[in-house]
Amino acid sequence: MTSTVDLEILGTRLSALTEEMCLTLQRTSRSLYVKETADFACAIANRDGSFVAYPNAMGVSGFVGLSIAAAVKRVSDREPLRPGDVIITNDPFTTHGLATHLPDVQMIEPYFVDGEIVAYGWAFVHCSDIGGRVPSSVSPFNTSIFAEGLQIPPVKFVREGVIAADVEALLQRNTRTPDANEGDFQAMLGALATARRRVEQLVAADGKELFFEACDYVLDKAATKAAAVFRSLGDGSYRAIDFLDSDGLSATPVRISITVTISDGHLTVDFAGTDPQVEAAFNVASFGTTHAWLTTRILALLMTVDPTLPLNAGLLRPVSLKAARGSIVNAEYPHATGVRHATASRVNDVLSAALIQIA
């Protein structure tokens, strides 16, 4: 039987690996979005697509609950994944919310050992420009995703170690900042290569079975400790409502309604009563999941109550979310999503208003 100490050590090494990925990306990128704003992240995902290791203090911490599964499936359903392949995408809809708006370009690399995928590396960067109606590609007045820039469904950017020249040419033609984007793409590839070497070293030292066991262990640990936090708060149901000042194109306010229910260590967020999606670019493509932009305040609560929590997707296992399709927090294609952070900020304000009632 594997000792808990061995699993803890391997889990810590995985976490440290993601920090190394982020350092590689930040030091080699060209854009201010990465070097100054730190609008990027890296992670290691298990074979199911959940992030098992995530950096504690670099980049965007709130994306820990995202999943690469839909993006990987989209590609692997067309053709097998092979060693050296790297997937690129920025499409919120075909990735089921992994990309949260078009400037956030994602890269995913499968890591193989003895012909078997053992994990995935993931990196994203907010690129300087991805085309569209306005420079930087972000404007609240874009009224569909078609105005926001080039949509990249999950495709192979690198095939068995060789960049796909046709895909690269298409990407470079559809941006106002080709040099900055190219630099950031190369930085992401460097970060993924760094993680590939480290994962191969871990598996070579400890074996695949221990590696898989450690991935399961860290997720289970996070989920158990998160449920304990919710249980310590006591059962109850709490409601709060607030508004975006306008829908972006008129003076009509947009209602955000949230009911938070805690029951035996499980937290449910229900958006019943929240207004429909809008024509302006304030929509969140969450697919009704515990999406990063709708749960940031919950993660903050968890880490405040228990700072020892490991940062991985297990934190959101004891959380469920209900959001009607076609609402501003579960928007449908082709609604614009470029300024989704404005809605997310108000969502998290309302979450705070609901959660503070517990105290």
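In what order do the seven strands of the open sheet stand? The order is 2-1-5-4-3-6-7, and the pairing is antiparallel. The structure is a predicted model, in which local features need pLDDT of at least 70, side-chain atom pairs count only at pLDDT 80 or more, and totals for chains, interfaces and linings use all residues. Residues are numbered from 1 along each chain as its sequence is written, and side-chain values use heavy atoms, with hydrogens and water left out.

Strands (E, at least two residues) and helices (H or I, at least four residues) are DSSP runs numbered from the N terminus, and two strands pair if DSSP finds at least two bridges between them. At the edges of the sheet stand strand 2 (51-53) and strand 7 (162-163); each has a single partner strand, so one side of each is left without a neighbour in the sheet. Strand 3 (residues 86-89) and strand 6 (residues 155-159) run antiparallel and are joined by three bridges. Ile-88 has Val-155 in strand 6 as its bridge partner.

Helices lie across this sheet. Helix 5 (residues 178-206) lies across strand 1 (40-45), strand 3, strand 4, strand 5, strand 6 and strand 7, and runs at about 25° to strand 4. Helix 3 (residues 69-76) lies across strand 3, strand 4 (104-113), strand 5 (116-126) and strand 6, at about 115° to strand 3. For these angles, axes are lines fitted to C-alpha atoms, for helices over the stretch in contact (heavy atoms within 4.5 Å), and the angles run from 0 to 180 degrees between N-to-C directions.

Helix 6 (residues 208-233) has 26 residues, which at 1.5 Å a residue should span 38 Å; its end C-alpha atoms are 39 Å apart, which agrees. The expected span is 1.5 Å times one less than the number of residues. Gly-234, with a positive phi near 90°, follows helix 6. Helix 1 (residues 4-28) packs against helix 6 at an angle of about 85°, with the axes 9 Å apart. The two helices are therefore roughly perpendicular (65 to 115 degrees). Among the residues making the contact are Leu-7 and Leu-14 of helix 1 and Phe-211 and Cys-215 of helix 6.

The cysteines complete the picture. The whole structure contains zero disulfides, a disulfide being a pair of cysteine sulfur atoms within 2.5 Å. For Cys-42, the nearest cysteine sulfur, that of Cys-22, is 4.0 Å away.

Definitions and conventions. Angles under 35 degrees count as roughly parallel, over 145 as roughly antiparallel, 65 to 115 as roughly perpendicular and the rest as oblique.
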